[in-house]
Amino acid sequence: MDKFRKPLFIAAGFLALILGAIGAVLPLLPTTPFVILAAFFFSKGSHKIHRWLLKQKIFGSMLQSWETDRVIPIKAKLLSTTMMLTMVSYPLLFRPFSLWLKVLVIFIVFYALWYVWKHRSEPVDTMIEQSWKKLSGKTAMPDTHPRQTIIKQKNSYSADTQSLFG
């Protein structure tokens, strides 16, 4: 069964990557979600192609940010928004299309914009640290990562437990 799944994931990854590349030129196909989808398919089908995609100059850092923190960088958001609105505005305003087609295009573009903008632009740790700086006026947080506090608490509990039970 695995023999059939891996080639399907690889083919789906290349299809998504091609659609993402076309989306860089055409306004109706958003590039970012297709590239993220391609990375997902490659991670299931071929680790070699997945690593290759993560090392790419154009998409690599964006994909690494997505995979580690579920973040779409602000530059990618601004670029995709600018490209979509620029490429769609002229045909919608100055070319004769039927109304239902214009409504469909507007719906697709707004859905793509919603998808891109609903995700964070920075990792949670960075956002927490910036909030801490604003609130306290200090340059660094006492524990920069919330998980470190939890781990310290667990370790102190286990040390207490060990001292009690010998």
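Q: Buried means a relative accessible area under 20%, exposed means one over 50%, and partly exposed covers what lies in between (1.4 Å probe, protein chains only). What percentage of the 166 residues of the protein counts as buried?

A: Of the 166 residues, 27% count as buried. This is a predicted model, in which local features need pLDDT of at least 70 and side-chain atom pairs count only at pLDDT 80 or more, whereas totals for chains, interfaces and linings use all residues. Residues are numbered from 1 along each chain as its sequence is written, and side-chain values use heavy atoms, with hydrogens and water left out.

Q: How many helices and strands does the secondary structure of the protein hold?

A: Helices (H or I, at least four residues) and strands (E, at least two) are DSSP runs, numbered from the N terminus. Here the protein has eight helices and zero strands, and its pattern along the sequence reads α-α-α-α-α-α-α-α.

Q: What share of the contacts in the protein comes from residues 24 or more positions apart?

A: A contact means heavy atoms within 4.5 Å. Among the contacts with a separation of 6 or more, those between residues 24 or more positions apart make up 54%.

Q: How many aromatic pairs does the structure hold, and why is the pair of Phe9 and Phe41 tilted?

A: Rings of Phe, Tyr and Trp (its six-membered ring) pair if their centres lie within 6.5 Å; planes under 30 degrees apart count as stacked, those over 60 as edge-to-face, and the rest as tilted. The structure holds five such pairs. In the pair of Phe9 and Phe41 the ring centres are 6.1 Å apart and the planes stand at 35°, so the pair is tilted. The pair links distant parts of the chain, with Phe9 in helix α1 (residues 2–23) and Phe41 in helix α2 (residues 31–45), 32 residues apart. Their C-alpha atoms are separated by 5.1 Å. Phe41 is buried, with a relative accessible area of 18%, and, leaving aside residues up to four places away in sequence, Phe41 touches Phe9, Ala12 and Gly13. Phe9 and Phe41 also belong, together with Phe40, to one aromatic cluster.

Q: Where do Tyr90 and Phe94 lie, and what are the distance and angle of their rings?

A: An α-helix has 3.6 residues a turn, so residues three or four places apart point the same way. Tyr90 and Phe94 both lie in helix α5 (residues 74–94), four residues apart, about one turn of the helix. Their aromatic pair is tilted, at 5.5 Å centre to centre with 40° between the planes. Tyr90 is partly exposed at 49% relative accessibility, whereas Phe94 is exposed, with a relative accessible area of 58%.

Q: Which residues of helix α4 are buried, and why do the buried residues line one face of the helix?

A: One way to read a helix face is to take the arc of the directions from the helix axis to the C-beta atoms. In α4 (residues 60–69), Gly60, Met62, Leu63 and Trp66 are buried. Seen down the axis, the buried residues of α4 fall within an arc of 165°, so they line one face of the helix. They pack against α2, α3 (47–54), α5 and α6 (99–117), while Ser61 and Thr68 are exposed on the other side of α4.

Q: Is His50 buried or exposed, and which residues does His50 touch?

A: His50, which is placed in helix α3, is buried at 10% relative accessibility. Not counting residues up to four places away in sequence, His50 touches Ala39, Phe42, Ser43 and Glu67.
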